[in-house]
Amino acid sequence: METHNGTALSEFILMGITDRPELQAPLFGLFLIIYVISVVGNLGMVILTMVDTRLQTPMYFFLKHLSLTDLGYSTTVGPKMLASFVVDQNTISYYFCATQGAFYIMFIISEFFILSLMSYDRYVAICNPLLYTVIMSQRVCQLLVAVPYLYSTFVSLLVTVKIFNLSFCGYNVISHFYCDCLSLLSLLCSDTQDIELIIMIFSVFNLISSLLVVLVSYLCILVTILRMNSTGGRHKAWSTCGSHLTVATVFYGTLFFMYLQPKSRHSFDTDKVTSIFYTLIIPMLNPLIYSLRNKDVKYAANRIWRKICNIFS
């Protein structure tokens with residue numbers, strides 16, 4: 001535990017989303033509804049892909065892990081954020097802050113590469129359909145998913161341990177609604193040049209490498225679809241990519257909005273809005289997008305719903 005002038009720094013204070021009393025109750029209700037929809041939607045998607053035989057394919061295997069990462073980082077942040085609306089002072093212990101930050105980094109990095117794996121899966125399915133079952137075997141899919149989890153765990157531990165091994169000043173108020181690593185840097189008395197460089201290098205690598213896989217995959221898909229003679233074949237090929245393309249556009253679009261805006265317009269309030277979008281809105285939207293745009297998911301959900309109704313009828 002970090003000490004400063006002989007006093008143990010045992011906790012941090014999270015500022016939350018807003019300090020305006022009139023907004024506390026409405027925002028609590030709004031974000032509670034969003035969080036519940038996110039948990040139910042992602043948990044439901046995980047269950048569907050596990051119990052329905054039609055969804056036992058590589059595409060839905062990756063979708064299951066996308067839902068797990070969405071569920072992971074929304075649950076890492078959501079409950080503590082909701083608590084900030086109902087308590088006078090939203091405190092978080094020193095070790096729980098480190099744990100929250102580590103899990104958030106792990107899940108968000110995993111999402112980058114799971115989205116890129118899903119685009120690669122669509123590339124193989126459309127551009128190499130005859131070899132699809134060979135290339136995307138169960139063993140290969142498990143290996144492809146294991147690598148991002150191991151890599152994201154390594155990065156999250158590296159960044160978190162590095163930050164919490166540095167010296168904090170006496171000020172323990174975090175200008176955010178969760179233990180964001182960038183917000184914690186402003187509380188450090190030690191030289192932060194090394195950890196800032198580490199964060200920048202990994203952030204750039206994660207963004208460029210994952211986005212490059214998505215762009216190259218869809219470029220190849222586009223070329224293959226344009227070469228198809230059948231209009232029905234083109235429509236069917238595009239329809240299998242629509243949900244993932246929408247999810248990826250929302251995810252990376254939010255990133256570019258956050259990091260490509262001018263410094264004069266960049267503020268902690270903007271970071272909070274973007275973080276809300278990441279931690280609650282995107283995890284809520286992803287299962288909704290796949291449920292509304294994907295016939296297999298809708299069919300599986302209807303089957304499960306009918307079975308549940310039959311049990312209780």
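## Packing of helices α3 and α5

In this predicted model, the axes of α3 and α5 come within 8 Å of each other and cross at roughly 145°. Axes here are lines fitted to C-alpha atoms, for helices over the stretch in contact, with angles running from 0 to 180 degrees between N-to-C directions. Helices (H or I, at least four residues) and strands (E, at least two) are DSSP runs numbered from the N terminus. The crossing of the two helices is right-handed; a crossing is right-handed if the near helix is turned clockwise from the far one by less than a right angle, and left-handed if anticlockwise.

The contact (heavy atoms within 4.5 Å) involves, on the α3 side, residues including Y94, C97, G101, I105, I109, F113 and L117.

## Basis of the values

Residues are numbered from 1 along each chain as its sequence is written, and side-chain values use heavy atoms, with hydrogens and water left out. Local features need pLDDT of at least 70 and side-chain atom pairs count only at pLDDT 80 or more, whereas totals for chains, interfaces and linings use all residues.

## Disulfides

A search of the whole structure finds two disulfides, each defined as a pair of cysteine sulfur atoms within 2.5 Å. One is formed by C97 and C179, whose sulfur atoms are 2.0 Å apart. This pair links distant parts of the chain, 82 residues apart: C97 belongs to helix α3 (residues 94–127), and C179 to the loop between β5 (173–174) and α6 (181–185). The torsion about the S-S bond of C97 and C179 is about -125°, so this disulfide is left-handed. C97 is buried at 0% relative accessibility, and C179 is buried at 2%; buried means under 20% relative accessible area, exposed over 50%, and partly exposed in between (1.4 Å probe, protein chains only).

The other disulfide joins C169 to C189, with an S to S distance of 1.7 Å. It too links distant parts of the chain, 20 residues apart, with C169 in the loop between α5 (138–164) and β5 and C189 in the loop between α6 and α7 (193–226). C169 is partly exposed at 23% relative accessible area, as is C189 at 44%.

With bonded cysteines counted along the chain, the disulfides follow the pattern 1-3, 2-4. C127 is in no disulfide, and the nearest cysteine sulfur, that of C220, is 5.8 Å away. C141 is likewise in no disulfide; its nearest cysteine sulfur belongs to C241, 16 Å away. C141 is buried, with 4% relative accessibility.

## Annotated spans and S243

The unreviewed UniProt entry carries the annotation "transmembrane region" for residues 27–51, 92–118, 197–225, 237–260 and 272–290. UniProt positions follow the numbering used here, feature names are shortened, and annotations may be inferred rather than shown by experiment. In the model, residues 92–118 are 93% helix and 7% strand, with end C-alpha atoms 36 Å apart. Residues 197–225 are 100% helix and 0% strand, and their end C-alpha atoms lie 42 Å apart.

S243 is located in helix α8 (residues 231–259) and is buried at 3% relative accessibility. Leaving aside neighbours within four places in sequence, S243 is in contact with I289, Y290, R293 and N294.
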